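Subject: A structure for you to explore

Hi there,

Here is the structure I promised to pass on.

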Amino acid sequence: MKVKCKNCGKKFDYDVYTGLCPKCHTYYRVDAVSPEKSTKNQERRREKRKHGPLYRLITICLLLIILISATTIIGFTMYTNQKGKELLRLEKLMTPKALNIGEIFSYETENHHYEIMVTKVQREDGAFLETPGGYESIKVSYEIKESSKDSDENQEETPSYETNIVSDYFKIEPYLMTKTGSYVKSLGSYAIRENLGYDYEQMEEEGIGSDFFYREGCFYFTVKEGDAQSLLIQAYKYEEEYSADNILEQTYEIDSLEVES
């Protein structure tokens with residue numbers, strides 16, 4: 001164990017010289033020396049005392065950041081859960097109105113009056129849309145009559161085959177309910193376009209889409225053969241600046257769906 005003589009400053013090995021300084025011959029007991037290890041420990045303690053306030057400040061800041069982040073995440077989760085519960089309660093309270101094929105249901109906006117009718121539900125033979133084995137394509141055709149509440153001077157120009165549903169900030173979405181208890185969304189425009197090899201103009205001219213939009217249009221579902229049961233129609237309103245905040249206003253159901261071949 002290396003020690004330093006407090007009398008002359010000579011460093012020597014305590015165990016080799018049994019505590020006797022080889023230079024000035026001063027004798028030291030073990031408890032009277034200052035080993036290097038003890039010196040290093042003292043230096044560490046001095047460093048801790050020197051930087052202790054800074055370490056504590058950094059630790060407090062990190063804890064505050066973690067606490068704020070956790071509070072934000074928990075608050076957002078509670079908000080979204082509450083919104084989900086509100087929408088769930090709304091859909092449970094809003095029972096779909098019974099509707100038949102060929103029967104009109106209407107929708108009012110600030111600028112327009114709409115009369116919508118499902119005209120036909122038919123089974124495609126596979127020559128039009130390719131479907132996997134054991135599945136079939138269901139085509140739903142519809143008509144929309146639109147009348148304006150304003151003068152013609154205030155109307156936006158739209159193609160003859162389109163309605164003003166989008167500019168009136170509402171949408172009507174269809175869902176096919178199956179006998180096995182599933183809700184099937186209609187095929188997206190992109191999937192149909194890729195399947196048929198159509199371009200946008202052909203899709204628009206024939207009124208093919210994924211929801212109610214054209215004056216005379218249609219949309220498609222792919223389901224297991226013989227599994228189609230009913231058609232659920234939901235009308236949503238949304239705010240101009242917050243299109244993701246949909247408000248369910250009307251819901252209809254064509255039950256015991258009769259699919260023509």
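Below is what was found in it, starting with the overall fold.

This is a predicted model, in which local features need pLDDT of at least 70, side-chain atom pairs count only at pLDDT 80 or more, and totals for chains, interfaces and linings use all residues. Residues are numbered from 1 along each chain as its sequence is written, and side-chain values use heavy atoms, with hydrogens and water left out.

**The fold**

The protein has 3 helices and 11 strands; these are DSSP runs, numbered from the N terminus (helices: H or I, at least four residues; strands: E, at least two). Along the sequence, the order is β-β-α-β-β-β-β-β-β-α-α-β-β-β. There are 261 residues, and 31% of them count as buried (buried means under 20% relative accessible area, exposed over 50%, partly exposed in between, with a 1.4 Å probe and protein chains only).

**Salt bridges**

How many salt bridges does a search of the whole structure find? The search gives 3, where a salt bridge is a side-chain nitrogen of Lys or Arg within 4 Å of a carboxyl oxygen of Asp or Glu.

- Lys120 and Glu260 meet through their side chains at 4.0 Å, N to O. Lys120 sits in strand 5 (residues 112–124) and Glu260 in the segment after strand 11 (246–254), so this pair ties together parts that are 140 residues apart in sequence.
- Glu136 and Arg123 form a salt bridge at 2.5 Å, N to O. Because Glu136 is in strand 6 (residues 135–148) and Arg123 in strand 5, the pair ties together parts 13 residues apart in sequence. Glu136 is buried, at 8% relative accessible area, while Arg123 is partly exposed at 28%.
- Lys171 and Glu173 are joined at 3.2 Å, N to O. Lys171 is partly exposed at 23% relative accessibility, and Glu173 is buried at 15%.

**The surface**

Leu54, Tyr55, Leu57, Ile58, Leu62 and Ile65 make a nonpolar surface patch of about 610 Å². Patches are made of residues with over 30% relative accessible area and no salt bridge; like charges are joined within 9 Å, and nonpolar side chains (Val, Leu, Ile, Met, Phe, Trp, Tyr) within 5 Å. Tyr55 belongs to helix 1 (residues 36–93).

**A buried tyrosine**

Tyr14 lies in the loop between strand 2 (11–13) and helix 1. Is Tyr14 buried or exposed? Tyr14 is buried, with a relative accessible area of 8%. Its C-alpha atom is 6.1 Å from that of Val3, 11 residues away along the chain.

Enjoy exploring!

How values were computed. Accessible areas come from the Shrake-Rupley method with a 1.4 Å probe; for residues, only the protein chains shown count as cover.
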